[in-house]
Amino acid sequence: MILVNKATLADQAYRELRARILSGQIPGGSRLLPEELAVALAISPTPIKEALVRLEADGLVDSRLRRGAFVRRFTERIVEELCEARVMVEVTSLANAFDRGRITPGLVSDLRRNVALHEIHARGETLDDLQMALSFDREFHQQLVQAAGNATVAEWHLRLLCQTHTVLACRADSYLTAVHDHQALLAALADGSKEAALATLREHLRHSRDNTLRSVKIYEGRVAEGA
């Protein structure tokens with residue numbers, strides 16, 4: 001049983017449930033019953049319900065069917081749309097960051113540190129390693145978008161990342177491709193080459209889309225086998 005600080009019940013319930021969804025501990029399609037979750041978190045159902053409303057706004061929970069709240073299941077079509085949105089946001093943001101002189105040595109240093117830690121966990125074989133690798137992946141892309149200096153776009157972008165990463169949490173193949181792509185992008189950023197960086201980012205996002213779609217098929221196959 002996880003005890004929650006009563007000072008910020010809804011916030012902590014939100015963070016805990018969000019972490020479990022992003023890690024795959026609560027898989028897509030799972031029903032989220034406030035009464036059961038309240039017992040697990042040792043709090044009343046009210047902050048749970050508030051947390052579920054926020055998670056629905058993030059695109060991680062679906063309650064449109066009016067049969068209660070469920071962890072959102074991502075179809076191939078939804079993944080295609082999310083990945084298309086990421087290309088629009090990330091490529092434009094990186095271009096703006098270059099134009100505004102925000103690709104600084106400090107940013108490159110932070111990204112280099114991120115990639116090093118990302119690789120360590122990407123080479124691991126446990127679910128915890130995968131979760132940490134995904135966390136560093138999100139941080140890398142967040143830093144690129146934040147470098148453009150548009151807080152509204154950065155907030156929306158994080159929601160996109162969280163949604164695509166709930167799919168990746170169930171994948172079974174190597175995650176090193178993402179690390180290698182980040183290393184190539186980091187090299188272009190360090191060289192100050194805008195066009196090379198943009199081309200590398202586009203190629204990386206294409207790889208990410210293909211891998212995410214593959215993860216959807218793997219997950220749907222497991223669901224079919226268990227049916």
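I call a residue buried when its relative accessible area is under 20%, exposed when it is over 50%, and partly exposed in between, using a 1.4 Å probe and protein chains only. With that settled, here are my notes.

**Ground rules.** This is a predicted model, so I took local features only at pLDDT of at least 70 and side-chain atom pairs only at pLDDT 80 or more, while totals for chains, interfaces and linings use all residues. Residues are numbered from 1 along each chain as its sequence is written, and side-chain values use heavy atoms, with hydrogens and water left out.

**Entry 1: the overall plan.** I began with the secondary structure, taking helices (H or I, at least four residues) and strands (E, at least two) as DSSP runs numbered from the N terminus. The protein chain comes to nine helices and three strands. Along the sequence I read the pattern α-β-α-α-β-β-α-α-α-α-α-α. The protein chain has 227 residues, and 46% of them count as buried. I then turned to contacts, meaning heavy atoms within 4.5 Å. Among contacts between residues at least 6 apart in sequence, 75% join residues at least 24 apart.

**Entry 2: helix α1.** Helix α1 covers residues 9-23, which is 15 residues. I compared its span with the expected one, which is 1.5 Å times one less than the number of residues. From first C-alpha to last, α1 reaches 21 Å, close to the expected 21 Å. Its buried residues include A10, A13, Y14, L17, R20 and I21. A friendly reminder for reading such a list: an α-helix has 3.6 residues a turn, so residues three or four places apart point the same way. After α1 comes G24, with a positive phi near 90°.

The charged end of R54 sits over the ring of Y14, 3.9 Å from its centre. For this I required NZ of Lys or CZ of Arg within 6 Å of the ring centre and within 35 degrees of the ring normal.

**Entry 3: the loop at A42.** Which residue has a positive phi although it is not a glycine? I found A42, with a phi of about 60°. A42 is in the loop between α2 (34-41) and α3 (45-57). With a relative accessible area of 31%, A42 is partly exposed.

**Entry 4: helix α4 and the cysteines.** Helix α4 spans residues 76-99, has 24 residues and reaches 35 Å, close to the expected 34 Å. G101 follows α4 and has a positive phi near 70°. I also looked for disulfides, meaning pairs of cysteine sulfur atoms within 2.5 Å, and the structure holds zero.

**Entry 5: H157.** Is H157 buried or exposed? At 1% relative accessibility, H157 counts as buried. H157 is found in helix α7 (residues 151-168). Leaving aside neighbours within four places in sequence, H157 is in contact with V89, E90, H141, Q142 and V145.

**Entry 6: the nonpolar cores.** A nonpolar core here is a set of buried Ala, Val, Leu, Ile, Met, Phe, Trp, Tyr and Cys residues joined through side-chain atoms within 4.5 Å. The largest has 29 residues, and L94, I103, L111, L144, L185, L189 and A197 touch the most other members. At least two residues of this core come from each of α4, α5 (105-122), α6 (127-146), α8 (176-191) and α9 (194-226). Which helix gives the most to this core? I found α8, with seven residues. I followed one member, L111: not counting residues up to four places away in sequence, L111 touches F140, Q143, L144, L186 and L189. A second, separate core has 20 residues and includes L17, I21, L37 and I48.

**Entry 7: helix α8 up close.** α8 has 16 residues and reaches 23 Å, close to the expected 22 Å. Among its buried residues are D181, H182, L185, L186 and L189. Not counting residues up to four places away in sequence, A178 touches H118, D137 and H204. A178 and L205 are 27 residues apart in sequence and 9.3 Å apart in space, C-alpha to C-alpha. Following α8 is G192, with a positive phi near 75°.
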